[in-house]
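Have a go at each task before you read its solution.

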There are 2 protein chains.
Amino acid sequence: MIATMAETNDRRDAAAQWFVALRDRICGEFEAIEAEAGSTARFVRNDWERPDGGGGTTAIMKGRVFEKVGVNVSVVHGEFAPEFRGEIPGTAEDPRFWAAGVSLVSHPCSPLVPAAHMNTRHIVTGKAWFGGGADLTPIYPDEPAAGDFHAALKAACDGYAPDAYAQYKKWCDDYFFLPHRGEPRGAGGIFFDYLEGGDIDRDFAFVRAVGEAFLAAYALIVRARMGQSWTDEQRRHQLVRRGRYAEFNLLYDRGTRFGLKTGGNVEAILMSLPPEAAWP
Amino acid sequence: MIATMAETNDRRDAAAQWFVALRDRICGEFEAIEAEAGSTARFVRNDWERPDGGGGTTAIMKGRVFEKVGVNVSVVHGEFAPEFRGEIPGTAEDPRFWAAGVSLVSHPCSPLVPAAHMNTRHIVTGKAWFGGGADLTPIYPDEPAAGDFHAALKAACDGYAPDAYAQYKKWCDDYFFLPHRGEPRGAGGIFFDYLEGGDIDRDFAFVRAVGEAFLAAYALIVRARMGQSWTDEQRRHQLVRRGRYAEFNLLYDRGTRFGLKTGGNVEAILMSLPPEAAWP
């Protein structure tokens, strides 16, 4: 891995810097949205260190539009425990890894504003690859929002490969599904991992395009809906749907379960959980 | 297994009847508590069938004292899928099983009234055994409640075996623990499984004693606290503690994860989740 890590040092730095830059732009945009709603809410940042190496920053804002939105950036390194070797590409002979990424989960106050999730990451083991995705979770079916969100992601995918959107949309649909409920977590989006397109600079450019597409599309969706009023009944329905969101993340989400089992930062991992939820 | 099942037919019937009888007494006692609080809340029963064999009844009450309390009885049978064979005693040569039990989860309205969980069960494979337990989850530390609860369970255990309480208390402490938080789910209780004391009628008598001890002790704890008023701040703290409860059940609880993976009744399994929870 040493050779690989040396070769990819520049890309690792560039990826880590871009994750931070995207975080800053997202936080700036979402704080601007709060200001438009007459709120002075700001992200509060909390740095954390990972005992085995590296660390990150969790930024959380609780506002008038975003009941709770968290954006986490991390750059971590270490060795995979024996139980995880073999599950992760490039770890069979050398358990060391380096990983960086940015992830976001937004739980808006309004049941009429969809929740959203975005993650992009760069992993280096004996191999090096990018992964990521973005998906939308309307509380009530919202065809226009889902349509705009998917169209933005499709445009990013179309610049990468002709079949990318269809493939990554299906991966998202398969992944964000609650088998015990027989229902999807939301309206889907895209999900991809182990990108090895042969030209890792193109892969990185694609990941950046996904991040940009998410930010632009989601900000539009939020702004178009944040002024609408809602009823107590809609709020109660939102809490029940958020219960399903918590079920998915705690029962099935790979990142959540893997992170908690490998000593990850609990607050950073569980920032995805909804501020309030109900199982009436 | 046929021989074993024939031999245990009478005990299976007796166990299944006792689980139902305990359910009826619990529901009666909890409805009486609601009446004492001036509420007319009653348990609402919902029968369900398990596609692979058997079924059960989920009884849920939403009242003035109990924000949500569920009592589930089930008698199910079938065959374990290959992935579970070998994990369960007596299934290596014959995958068939029969299982019955009663389980209860109580989430009171008041942050000053502890939540509680109780389960007793009888399983028949190539072997036959009883299991169960009861544990208390105060929202705020409540030494008197925990002390009374443990004393009642200890009395039941002491009638079974001298070391039973110490052993089953430790099993409960080890089981109801959130490793990612480094904290217990609550104030503990007892947990036991695979009881094979050599005299299964004694095991059954012990399980009945546990059910009786739980009902008597918990009803006293609820009645002593249900009249106290609480603050909004205490309610918010309750919602956060309930989030931890949901984390445990979805991330770690064997029954929850096993049930959902084996096509169990979703509403019956997830009745354990709190009516409202928060991750602020």
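A residue counts as exposed when its relative accessible area is over 50%, as buried when that value is under 20%, and as partly exposed in between. Keep in mind that you're looking at a predicted model.

**Exercise 1. Work out whether Arg42(A) is buried or exposed, and find what it touches.**

Step 1: Find the spot. Arg42(A) sits in the loop that runs between helix H2 (9-36) and strand E1 (44-49) of chain A.

Step 2: Apply the cut-off. The relative accessibility of Arg42(A) is 56%, so this residue counts as exposed.

Step 3: Look for partners. Leaving out residues up to four places away in sequence, Arg42(A) touches Glu31(A), Ile60(A) and Met61(A).

Step 4: From Arg42(A) to Ala278(A) you cover 236 residues in sequence, and their C-alpha atoms are 27 Å apart in space.

**Exercise 2. Describe how helices H3 and H4 of chain B pack.**

Step 1: A pair of packed helices is described by the angle between the axes and the distance between them.

Step 2: Read off both values. For H3 (residues 143-158) and H4 (residues 164-175) of chain B, the angle is about 130 degrees and the axes are 8 Å apart.

Step 3: Classify the angle. Over 145 degrees would count as roughly antiparallel, and 65 to 115 as roughly perpendicular. H3(B) and H4(B) are therefore oblique to each other.

Step 4: List the contact. H3(B) brings His150(B), Leu153(B), Lys154(B), Cys157(B) and Asp158(B), while H4(B) brings Ala164(B), Tyr165(B), Tyr168(B) and Lys169(B).

Step 5: Sort these residues by type. The contact of H3(B) with H4(B) has 5 nonpolar, 1 polar and 3 charged residues.

**Exercise 3. Find out which parts of chain B are tied together by the ring pairs of Tyr160(B) with Phe206(B) and Tyr168(B) with Phe192(B).**

Step 1: Start with the overall tally. Over all chains, there are 40 aromatic pairs.

Step 2: Take one of them. Tyr160(B) and Phe206(B) are stacked, with 4.3 Å centre to centre and 10 degrees between the planes. Tyr160(B) is in the loop between H3 and H4 of chain B and Phe206(B) is in helix H5 (residues 200-225) of chain B, so the pair ties together parts 46 residues apart in sequence. Both Tyr160(B) and Phe206(B) are buried.

Step 3: Go on to the other pair. Tyr168(B) and Phe192(B) are tilted, at 5.2 Å centre to centre and 40 degrees between the planes. Here helix H4 of chain B holds Tyr168(B) and strand E9 (residues 189-195) of chain B holds Phe192(B), so the pair ties together parts 24 residues apart in sequence. Tyr168(B) and Phe192(B) are both buried.

Step 4: Hop over to chain A. Ring pairs join Trp171(A), Tyr175(A), Phe176(A), Phe191(A), Phe248(A) and Tyr252(A) into a cluster.

**Exercise 4. Say what sits over the rings of Phe204(A) and Phe204(B).**

Step 1: In chain A, the charged end of Arg208(A) sits over the ring of Phe204(A), 4.3 Å from its centre.

Step 2: In chain B, the charged end of Arg208(B) sits over the ring of Phe204(B), 4.3 Å from its centre.

**Exercise 5. Check the phi of Tyr194(A) and of Tyr194(B).**

Step 1: Most residues other than glycine have a negative phi.

Step 2: Check chain A. Tyr194(A) isn't a glycine, yet has a positive phi of about 55 degrees. This Tyr194(A) lies in strand E9 of chain A and is partly exposed, at 31% relative accessible area.

Step 3: Check chain B. Tyr194(B) also has a positive phi of about 55 degrees without being a glycine. Strand E9 of chain B contains Tyr194(B), which is partly exposed at 30%.

Definitions and conventions: Residues are numbered from 1 along each chain as its sequence is written. Chains are lettered from A and ligands numbered from 1 in the order in which they are written. This is a predicted model: local features need pLDDT of at least 70, side-chain atom pairs count only at pLDDT 80 or more; totals for chains, interfaces and linings use all residues. Side-chain values use heavy atoms; hydrogens and water are left out. Axes are lines fitted to C-alpha atoms, for helices over the stretch in contact, and angles run from 0 to 180 degrees between N-to-C directions. Helices (H or I, at least four residues) and strands (E, at least two) are DSSP runs, numbered from the N terminus. Angles under 35 degrees count as roughly parallel, over 145 as roughly antiparallel, 65 to 115 as roughly perpendicular and the rest as oblique. Contact means heavy atoms within 4.5 Å. Ala, Val, Leu, Ile, Met, Phe, Trp, Tyr, Cys and Pro count as nonpolar, Asp, Glu, Lys and Arg as charged, and the others, Gly among them, as polar. Rings of Phe, Tyr and Trp (its six-membered ring) pair if their centres lie within 6.5 Å; planes under 30 degrees apart count as stacked, over 60 as edge-to-face and the rest as tilted. Buried means under 20% relative accessible area, exposed over 50%, partly exposed in between (1.4 Å probe, protein chains only). A charge sits over a ring if NZ of Lys or CZ of Arg is within 6 Å of the ring centre and within 35 degrees of the ring normal.
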